[in-house]
Amino acid sequence: MNILCIGAGYVGGPTMAVIADRCPDHRVTVVDINPERIAAWNSDTLPIYEPGLDEVVLRCRNRNLFYSTDIPRGIKEADVIFVSVNTPTKTFGAGAGKAADLQYLEKTARSIIEYAESDKIVVEKSTLPVRTAQALSRVLHSNSKNLHFQIVSNPEFLAEGTAIRDLENPDRVLIGGMSSPEGERAVDIVAGIYRRWVAPEKIITTNLWSSELTKLVSNALLAQRVSSVNSISALCEKTGADIDQVTAVAGRDSRIGAKFLKAGVGFGGSCFKKDILNLVYLCEFYGLPEVAAYWEQVVHINDYQAARFVRNMLAAMFNTLAEKKIALFGFAFKADTGDTRESPAIAIARQLIDEHARVTVCDPKALDNARKDLRDLSGKVEYTSDPYAAVEGAHAIALITDWKLFRDLDYARIYAAMEKPAFIFDGRNLLDGAKLHGIGFNFYPLGKPALTHF
Ligand code: NAD
Ligand code: UDX
């Protein structure tokens, strides 16, 4: 089969690489309107950092995996088209700030009808509002060539940083389709791709609307766990309880489970906030304001958590951060990715600058993206990938990203290089507080008692 993916981003790039790897007899092409991105996929430096990705791409590229800007040819030749374009939050017009911006999806659909010369299966890989398949079908069938398209929903559940592992060994693959014979055939063709390496019981088929909605719900439920725990971290700080102790025991209840209960500075990434806001908008649209308010609170707690982190820093550092140097350890929204979209580091850096602090950002993979995110603050922020350079003369370290390397540093050396009293604010509860306190630091974890020398 000829498989095409439109959109060579964090999802399209790795997903198609794994499909090409596992299905050597299918020809997989990934196209994008962004020529630099395609050039990077064809180079030695891939456009995204993802553990294990380079190896898979190197194995398949120019064998049965092709990255190209030739969208017309890709569409003409394809039997199955995965659409993996971005679906960000709308910034204008009706639903601004909540609804999904579907312009890229619709443009893709219009390219398909412009260049297609035969019937195709069109797979929604992007995360979309429920019932988008109906709109997509209407646009596609507005063609005057009498072409027929089967729409299939196949949302992607990979998480960045573990994308290859998640793709190679998914918890589940979800495929939604129409209940007509043609719809069922299309679902079976898409399922056949995954059956090459995924156990049949993990490949779940549903109707289109359940599939579209399940993706939004899965992200909302995961983000809700993080916000629930982060809200309790604030209460722990007031009461002397320890959030890690609380969640370790609560998570032992198999009905609750241990995963996604780690308190931190807040969730980031391109998906959680956007998808919850999309869910909120859908609830409002369908006349369910109470349900909308319930889910919106998950986002509010997330903003609150980042703001609270900076307020705690200010209070601990004698209510002034002016002219103080703060080393931000990490800028990516989580470890093992260079992605900084919606990273809590962005809001935290900006709030620190508002307090007239001097900020040095230190991250092993995310400095280019950090520079773009804080472009308007040029001159006020410094950047380095060397933690020891970042802490030179610093008053405090604020740990934002759970990169393993931050755990393994020589903190005695770091303490010696810093201004005194030296502070560490551990926004991920990553570091060994007792040890750092022993070295001389004033140590502020999240959701548990601080260890100070005052
Ligand atoms: P991305 O921004 O990294 O990639 C999208 C790509 O689509 C871009 O390179 C863009 O140039 C391209 N594009 C846009 N319009 C196009 C057009 N008309 N023709 C050709 N190419 C076009 O986004 P992403 O992170 O890969 O996310 C893609 C979708 O997958 C989103 O709907 C997202 O919600 C969903 N998703 C993302 C993740 C994740 O972890 N990033 C996980 C699951 C699902
Ligand atoms: C998420 C979903 O996990 C994935 O299934 C979906 O396909 C895309 O959205 P991603 O955003 O890549 O993936 O990362 P994820 O691992 O979910 O982390 C999201 C954010 O939550 C990160 O900022 C992370 O640091 C934070 N988080 C996660 C916590 O603060 N505590 C936790 O216990 C778990």
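A residue is taken as buried if 20 or more other C-beta atoms lie within 10 Å of its own, as exposed if 12 or fewer do, and as partly exposed in between, with C-beta atoms placed from the backbone. The model is predicted, so local features need pLDDT of at least 70 and side-chain atom pairs count only at pLDDT 80 or more, whereas totals for chains, interfaces and linings use all residues. Residues are numbered from 1 along each chain as its sequence is written, and chains are lettered from A and ligands numbered from 1 in the order in which they are written.

Asparagine 230 counts as buried because it has 26 C-beta neighbours inside 10 Å. Its place is in helix H9 (residues 208-239); helices (H or I, at least four residues) and strands (E, at least two) are DSSP runs numbered from the N terminus. Apart from neighbours within four places in sequence, asparagine 230 is in contact (C-beta atoms, placed from the backbone, within 7 Å) with Ala263, Gly264, Gly266, Ile301 and Gln305. Between asparagine 230 and lysine 262 the C-alpha to C-alpha distance is 8.1 Å, at a sequence separation of 32 residues.

Helix H8 (residues 181-195) consists of 15 residues and spans 20 Å from first to last C-alpha, close to the expected 21 Å, which is 1.5 Å times one less than the number of residues. Ala186, Val187, Val190, Ile193 and Tyr194 are the buried residues of H8. Viewed down the axis of H8, these residues fall within an arc of 110°, so they line one face of the helix; the arc is that of the directions from the helix axis to the C-beta atoms. Pro181 and Arg185, on the other side of H8, are exposed. The cover over the buried residues of H8 includes helix H1 (12-22) and strands E4 (80-83), E5 (120-124), E6 (149-153), E7 (173-177) and E8 (203-207).

The domain assignment, automatic or from a database, gives domain 1 (2-198) and domain 2 (242-454) for the protein chain. The centres of domain 1 and domain 2, taken over C-alpha atoms, are separated by 33 Å. Domain 1 and domain 2 each supply 16 residues to the contact. On the side of domain 1 that touches domain 2, nine residues are nonpolar, four polar and three charged, where Ala, Val, Leu, Ile, Met, Phe, Trp, Tyr, Cys and Pro count as nonpolar, Asp, Glu, Lys and Arg as charged, and the others, Gly among them, as polar.

Around ligand 1 there are 25 residues (C-beta atom, placed from the backbone, within 6 Å), of which Gly7, Gly9, Tyr10, Ser126 and Thr127 come nearest. By class, this shell has nine nonpolar, eleven polar and five charged residues. Helix H5 (residues 103-115) gives the most to the shell around ligand 1, with three residues.

How values were computed:
Two residues are in contact if their C-beta atoms, placed from the backbone, lie within 7 Å.
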